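Subject: Structure handover

Hello,

Here is the structure I promised to pass on to you. My notes on what turned up in it follow just below.

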Amino acid sequence: MKVLAIDCAASLCAACVYDAAAGRELGRVVLDLGKGHAEHLMAVIAEALKAGATDYPGLGAIAVSVGPGSFTGLRVGVSTARGLALALKIPAIGVTTLEALAAEAAAAFPGRAVLAALDAGREEIHAALYDEMSGLAYGPAVTTLSEATALAVENLAVLAGTAAVQIAASAGRISDIGPRTATADIITYARLAVAKGEGERPKPLYLRGADAKPQAGFILSRQQN
């Protein structure tokens, strides 16, 4: 089965084609836009399909990042995934940015609990804790720096996300840190979607009400390759 993965949760507008049977990526396109996902996403998808020598009828599922992240970006990504899935009569599978970041941290530090945390501004952190078996133990939820720090210390957790360094500093100790970005690599969403399988239709994960513009706390600290 070939999976199209879409991510518009942060500043990136990303898509890739993943061959689940072979366990390999066939093609990808990643643009660091900041905003304007709606104007570019369909072209990004078309280029990713071309790079993967695949067309829409060749797809078996669509994976999409559902947040937390940019309010507008999430709506664009999720609505596109659901529309394509409906037209192609294939499942759309949602993956949160927190579980994707945690999966990358767990791959780097196997057998450890992971706290994925994103700086949401307004002195808030969006966080989720995953245990040593990558099972969800807490969240996703809006929390404070002190609460997130307590979670990290109590669980000796590896940290991931844009709030990772902040939490490590608050803990006052050296911490193992995975990805420090606002979203994971696009291939991670494809792999997690395949592992999850078909479920409820994806919808944006909003942990608080919409702002008038995308939240600055979700801009990537570095461009993903």
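How much space lies in the largest pocket? About 250 Å³. This is a predicted model, in which local features need pLDDT of at least 70 and side-chain atom pairs count only at pLDDT 80 or more, while totals for chains, interfaces and linings use all residues. Residues are numbered from 1 along each chain as its sequence is written, and side-chain values use heavy atoms, with hydrogens and water left out.

The pockets

A pocket here is an open set of points on a 1 Å grid over the protein atoms alone, where a 1.4 Å probe fits, with protein on both sides within 12 Å along at least five of seven lines; lining residues have an atom within 4 Å of a point. A volume is the space filled by probe spheres set on the points, with grid points joined across faces, edges and corners.

The largest pocket, at about 250 Å³, is lined by 17 residues, and the closest to its centre are Gly94, Lys196, Glu200, Arg201 and Pro202. Strand β5 (residues 92-95) gives the largest share of that lining, three residues. Helices (H or I, at least four residues) and strands (E, at least two) are DSSP runs, numbered from the N terminus. By class, the lining has seven nonpolar, four polar and six charged residues; Ala, Val, Leu, Ile, Met, Phe, Trp, Tyr, Cys and Pro count as nonpolar, Asp, Glu, Lys and Arg as charged, and the others, Gly among them, as polar.

The second largest pocket has a volume of about 190 Å³. Its lining includes Arg82, Ala85, Leu86, Glu198, Arg201 and Pro202.

Five strands form an open sheet in the order β3-β2-β1-β4-β5, with mixed pairing (two strands pair if DSSP finds at least two bridges between them). Its edge strands are β3 (24-32) and β5, each pairing on one side only. From one strand to the next, the twist averages 15 degrees.

Strands β1 (residues 2-7) and β4 (residues 59-65) run parallel and are joined by five bridges; Ile6 has Val64 of β4 as its bridge partner. β2 and β3 pair in the antiparallel sense over eight bridges, with Cys16 partnered by Arg28 in β3. These two strands form a hairpin with four residues between them, and Gly23 in the turn has a positive phi of about 65 degrees.

The helices

Axes are lines fitted to C-alpha atoms, for helices over the stretch in contact, and angles run from 0 to 180 degrees between N-to-C directions; contact means heavy atoms within 4.5 Å. Helix α1 (residues 37-51) lies across β1, β2 (12-19), β3 and β4, at about 25 degrees to β2. α2 lies across β1, β4 and β5, at about 165 degrees to β4.

Helices α4 (residues 145-154) and α5 (residues 164-171) pack at about 75 degrees, with their axes 9 Å apart. They are therefore roughly perpendicular to each other (65 to 115 degrees; under 35 is roughly parallel, over 145 roughly antiparallel and the rest oblique). Their contact has six nonpolar, three polar and no charged residues.

Helices α3 (residues 97-108) and α6 (residues 186-196) pack at about 100 degrees, with axes 10 Å apart, which makes α3 roughly perpendicular to α6. Among the residues making this contact are Glu99 and Ala103 of α3 and Tyr189 and Lys196 of α6.

Best wishes
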